[in-house]
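Please keep the structure open while reading.

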Amino acid sequence: MESWPSPLRPVIPGSPPALRLFDTAAGKVREVETGQVAGMYVCGITPYDATHLGHAATYVTFDLVNRALRDSGREVVYVQNVTDVDEPLLERAARDGVDWQDLAAQETALFRQDMAALRVLPPEHYHGVVDSIPYIVDVVARLLEAGTAYRLGVAEGTGADVYLDVTSTAGFGQVSGWSRAEMLEVFAERGGDPERPGKRDALDPLLWRAAREGEPCWDGGRVLGRGRPGWHIECTTIALTHLGMGFAIQGGGSDLVFPHHEMSAAQGTALTGQSPFATHYVHQAMVGLDGEKMSKSKGNLVLVSRLLADHVDPMAIRLALLRHHYRTDWEWTGADLTEAVRRLKRWRMAAAAPAGPPADSVIAALRSALSNDLDAAAAVDAVDRWADDVLDGSSAARPGAGTEVARAVDALLGVSLAG
Ligand code: 5CA
Ligand code: ZN
């Protein structure tokens with residue numbers, strides 16, 4: 001699947017300290033373990049509504065991670081999926097009387113535009129469920145053959161659904177660290193079906209859903225028959241196809257810790273006999289609006305595309321997002337944007353000045369803040385201080401400093417000061 005055009009990323013002199021991030025599985029901030037090539041898998045959208053600021057916060061956060069890893073001289077293989085067939089998408093299409101494929105194509109196109117406007121570096125591999133079906137079929141068939149997955153007959157049809165026997169899978173529970181009671185509390189509202197009779201365990205996740213009347217379905221071959229994939233298996237399959245087990249970072253919003261990332265990892269282990277699935281689990285906290293998590297199902301959304309249509313500078317949106325630490329839930333208010341517009345103007349004025357205080361210390365401060373569990377707000381403060389110095393004309397000025405700072409702000413924060 002096509003991703004989006006890549007913005008240019010300036011290469012700046014020097015190198016950053018080792019990147020340290022909070023790892024959900026370890027429950028602490030620790031250094032990201034990776035060799036020269038870092039694999040990063042970030043869960044993509046379910047395209048039934050346009051990109052809201054919560055999604056944008058998630059993808060901008062992982063863009064900072066991507067940029068920090070590249071700044072350290074590493075190659076990043078960034079993989080992202082699109083959940084282009086799933087219950088919420090089918091339900092929304094049915095509600096609105098539109099074709100689910102048209103809806104998915106339209107919203108994915110909008111998402112690409114939003115990401116490009118926000119200067120998010122695109123993934124190297126961008127895959128929908130639909131274009132991954134043959135791989136998913138192969139994975140589910142192997143799990144069945146290995147005996148870690150089992151069939152459950154469907155009363156109304158001839159086929160059978162397939163579930164993973166997850167609680168007997170090695171390492172289950174290690175991503176979230178949650179108790180069984182905690183898992184059971186949210187499983188149903190996050191796409192699970194704990195009440196279904198005949199399951200070996202209430203928490204077992206659906207791998208393959210046999211064809212039902214009126215639902216899209218694909219050929220699952222001799223072993224599976226016609227049907228469509230369950231949710232988590234798409235991410236296991238796409239991650240393993242492009243990265244293999246033990247890749248550096250699995251990312252997404254904190255709403256995905258359980259069941260999604262727990263199940264994706266368990267499925268990877270069930271399939272390969274290896275662990276871990278990813279060496280670091282990184283989660284963006286939830287962005288809310290009016291006291292609730294911003295979500296497509298609740299409809300309390302501020303859309304990136306709406307702001308862009310209102311001629312808001314996408315760099316101001318990005319700056320507004322950067323003021324909030326990725327591990328703290330926060331609520332969107334217009335005030336963030338007003339402040340970001342003002343800040344962007346000041347940074348642009350300072351960067352355009354013929355001379356300013358030397359860039360080295362700002363660049364060092366940017367790198368040190370970002371390496372410290374992505375302290376983007378501290379990085380923004382460092383640029384603020386430099387811009388104040390330039391505009392007050394209070395300290396020694398070096399010609400061309402503005403260009404160097406602008407290149408670093410672009411490379412590390414993804415904020416372009418051109419324009
Ligand atoms: N397609 C699945 C992942 S495989 C999915 O969760 N799609 S989504 O469209 O609902 O969300 C896309 C990404 O944005 C996910 O990483 C999700 O965790 C994150 N996200 C969703 N809502 C918010 C929010 N309010 N704040 C921050 N991140 C969010
Ligand atoms: Zn996912």
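Helices, of at least four residues, and strands, of at least two, are DSSP runs numbered from the N terminus. The model is predicted.

## The shell around ligand 1

By that numbering, α1 gives the largest share of the shell around ligand 1: four residues. The shell holds 24 residues in total. Gly 44, Thr 46, Thr 83, Asp 255 and Lys 296 are the closest. By class, ten residues of the shell are nonpolar, eleven are polar and three are charged.

The side chain of Asp 255 places an N or O atom 2.6 Å from an oxygen atom of the ligand. Gly 253 uses its backbone: an N or O atom there is 2.9 Å from an oxygen atom of ligand 1. At Gly 54, a backbone N or O atom lies 3.1 Å from a nitrogen atom of the ligand.

How much of ligand 1 does the protein bury? Taken alone, the ligand exposes 600 Å², and the protein buries 95% of that. Two elements give two or more residues each to the shell: α1, residues 53-71, and β10, residues 247-253.

## The second largest pocket

The second largest pocket has a volume of about 230 Å³. Its lining counts 19 residues. Closest to the pocket centre are Gln 174, Val 175, Pro 276, Phe 277 and Tyr 281. The elements that supply two or more lining residues are α8 (257-272) and β11 (278-284).

Which classes make up this lining? Ten residues are nonpolar, six are polar and three are charged.

## The largest cavity

The cavity count, at 30 Å³ or more, is two. The largest cavity has a volume of about 100 Å³. Its lining includes Ala 57, Val 60, Thr 61 and Leu 64. Leu 321, Leu 322, His 324, Tyr 326 and Trp 330 are also among the lining residues.

Nine of the lining residues are nonpolar and three are polar, with no charged residue.

## The second largest cavity

About 30 Å³ of space lies in the second largest cavity. Pro 16, Ala 68, Asp 71, Arg 367, Leu 370, Ser 371 and Leu 412 line it. Which element gives the most to this lining? The answer is α12, with three residues. Helices α1 and α12 (360-371) each contribute at least two.

## A three-stranded sheet

One open sheet has three strands, in the order β13-β12-β14, with mixed pairing. The edge strands are β13 (292-293) and β14 (330-331), and each pairs on one side only.

Strand β12 spans residues 287-289. Two bridges join β12 to β13, and these strands run antiparallel. Leu 289 stands opposite Glu 292 in β13.

## Recap

In the second largest cavity, α1 supplies at least two lining residues.

Note on methods: Residues numbered from 1 in each chain as written. Chains lettered and ligands numbered in written order. Predicted model: local features only at pLDDT ≥ 70, side-chain atom pairs only at ≥ 80, totals over all residues. Heavy atoms only, no water. Near = heavy atom within 4 Å. Polar contact = N/O pair within 3.5 Å; in protein donor to acceptor, adjacent residues only side chain to side chain. Areas by Shrake-Rupley, 256 points an atom, 1.4 Å probe, with all protein chains shown as cover. Nonpolar A, V, L, I, M, F, W, Y, C, P; charged D, E, K, R; others polar. 1 Å grid on protein atoms, 1.4 Å probe; cavity = no way out; pocket = protein on both sides within 12 Å on 5 of 7 lines; lining within 4 Å. Points joined across faces, edges and corners; volume = space filled by probe spheres on them. Pairing = 2+ DSSP bridges.
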